[in-house]
Amino acid sequence: MTSKSKWLSAPYALWSVIFIIIPLGMILYYGLTDKTGAFTLDNIIAITTAGHAKALRLSVLLSLVSTLICFLLAYPLAMILANTKTNKHHFIILIFILPMWMNFLLRTLAWQTLLEKNGVINSVLTFLNLPNLKIINTPAAIVLGMVYNFLPFMILPLYNALAKIDKNVINAAHDLGAGSVYTFIRIILPLSVPGIISGITMVFVPALTTFVISALLGGSKLLLIGDVIEQEFTRTSNWHLGSGLSIVLMIFIVINMIASAIFDKDGEGSML
Amino acid sequence: MSKELIHLNNISKSFDGQMVLDELDLTIHENEFVTLLGPSGCGKTTTLRILGGFTTPDTGKVIFDGRDITNVPPNKRPLNTVFQKYALFTHMTIAENIAFGLKIKKKSKQYINDKIHYALKLVNLDGYENRMPDSLSGGQQQRIAIARAIVNEPRLLLLDEPLGALDLKLRQEMQYELIRMKNELGITFVYVTHDQEEALTMSDTIVVMNQGYIQQIGSPESIYNEPENAFVADFIGDSNIIPAIMIEDKLVSILGTRFACVDTGFGHNKPVDVVIRPEDVELVAPLDGILQGVVTHLIFKGVHYEMEVMAGGFEWLVHSTALHPVGQEVGIKVDPFNIQIMNKPESEDEEAVSIDI
């Protein structure tokens, strides 16, 4: 790289200093100090208090469940897409990406309207004389919102990984006597691991940190760790505690990122 | 000839309305090295995929040792395939790759280990058990692909242009190794290639294909020396293909000049094509030749000189170790035995089309 082309990265470098490096530094500063400015680990340790630990546990649990559901929905679809020879698969992928073009908040609000006690779904059920659903303000509603919003992030890396597998490698497994199930377990699944890891990361991380989905679909009783942090910043105005909890969350995310970097050497997840 | 192993009976296959194979009939005998040879799109790979079970023919039957296996899936067929570009399992070690088929057959650990050892020895890659496929060169990967197939002791080994991705020197080396392996293992090989030299070097039988039809089946010698039509003559090696008139048995008029030949049974004054290999054209002093001409091009090819001689209105391709400079007047002589008479093509499919390889 010449020294001239290095300057081309200057706008982005400036951007990342102002909007990424400095804010991160501030989070670290606030997280590791108390109101007097003295160093403390109290804000980090605060995660162990009952309410915070409960929120973190619920966040991890719901994120894991959502990730698993996304995986189970996306894998078969990605396999079908990867085996579609014609240009049809571009169209099918478009269908799955299409909702992403709409604002995330709007989509989640739409689900709120659909799921509400007197919402669209229940109105239809009442009209049909069927028992009403009580999904809104339950963990199920949050999981539904997460799966709906993050599913495309699972499909695309899986599709990329599966499409890359040489058809003759699968033919070779059949040729050597392997049936469909054995070929899937021993060949297709292991070869798609990079895509699986990226997909999991790309669903799990945003699901873990979300506060919008839980706020809109989970009501005020179901707090995720994202909601707790948001409240510390906006309502309680305790930036120190909010930053401390953010650092804890970041540690979780970094662990996930490291795991994905180890497995996803080819950067399948970088498509989005 | 030994026992019949495979019979392709009246196989037709089309893709998207395009006929790829048209009523193909082919018999392959036990312990034979058969090469399907032809330009791309001639149907040779489709034929191989039908044998392997990866493609189902529209009509016709695949008979294996007397049993109809047309609808038997690939994993239940008593044969194995070596794929173009190797198709190794990149997430497994070499040993795991080779053991793949044996583990499915539930062989004992001892048996599998012995087989891995034996197969690696056979392909000259002793000690590579724990390497990963990506760390091997193309030639080595191809050998592993062969090892992975043969440990299963198939009765038939299908090879789909296995040497296509290798450089020339490695390709020639592998050709000799394949012949050695085939003789050591005593199994039937069906080999697909578009490389006529590869076909001539390795095969017991060559099946020349074009546009979904078999053009000629025969030993390398008969295919080279007695091509049945202009396509085969043109595809296998260089040749002079000249329109001619068969005056009577053993006498042919080429470019208005009478040449003695050895062929009979073509009738009287019948238009034919003659094939004369460039190495069979003898250049002599002008008055000693049957035809007189002038050397127009000269290229040094290493073993021989390649010359073009304008004689009788035709540009003759000549290979000779003797140098005749451009502009020199020469006479052309051809031994009657080296003039191969062919019937004119009756259908378009048999015509010598331009070859894109």
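User: What covers the buried residues of α9(A)?

Analyst: This is a predicted model, in which local features need pLDDT of at least 70 and side-chain atom pairs count only at pLDDT 80 or more, while totals for chains, interfaces and linings use all residues. Residues are numbered from 1 along each chain as its sequence is written, with chains lettered from A and ligands numbered from 1 in the order in which they are written. Helices (H or I, at least four residues) and strands (E, at least two) are DSSP runs, numbered from the N terminus, and a residue is buried if 20 or more other C-beta atoms lie within 10 Å of its own, exposed if 12 or fewer, and partly exposed in between, with C-beta atoms placed from the backbone. The buried residues of α9(A) are Val169(A), Ala172(A), Ala173(A), His174(A) and Asp175(A), and their cover includes α10 of chain A together with α1 (44–52) and β6 (79–82) of chain B.

User: Which element gives the most to the side of chain A that touches chain B?

Analyst: In this model 15 residues of chain A are in contact with 16 residues of chain B, where contact means that the C-beta atoms, placed from the backbone, lie within 7 Å. The elements giving two or more residues to that side of chain A are α9 (167–175) and α10 (180–191) of chain A. With 6 residues, the one that gives the most is α9(A).

User: Within what arc do the buried residues of α6(A) fall, seen down its axis?

Analyst: In α6(A), the buried residues are Thr108(A), Trp111(A) and Leu115(A). The face turned away from the buried side of α6(A) carries the exposed residues Leu105(A), Leu106(A) and Thr113(A). Taking the directions from the helix axis to the C-beta atoms, the buried residues of α6(A) line one face of the helix, because they fall within an arc of 50°.

User: Over which residues of chain B does pLDDT stay under 50?

Analyst: pLDDT is the predictor's confidence in each residue, from 0 to 100, and chain B averages 91, with 96% of the residues scoring at least 70. Where pLDDT is low, the predicted coordinates should not be read in detail. The stretch of chain B where pLDDT stays under 50, for which the model has 23 contacts beyond four places in sequence, is residues 348–357.

User: What distance separates the centres of domain 1 and domain 2 of chain B?

Analyst: Chain B is divided into domain 1 (4–225) and domain 2 (238–344), with bounds that come from an automatic or database domain assignment. Taken over C-alpha atoms, the centres of these two domains of chain B are separated by 39 Å.

Technical notes:
Contact = placed C-beta atoms within 7 Å.
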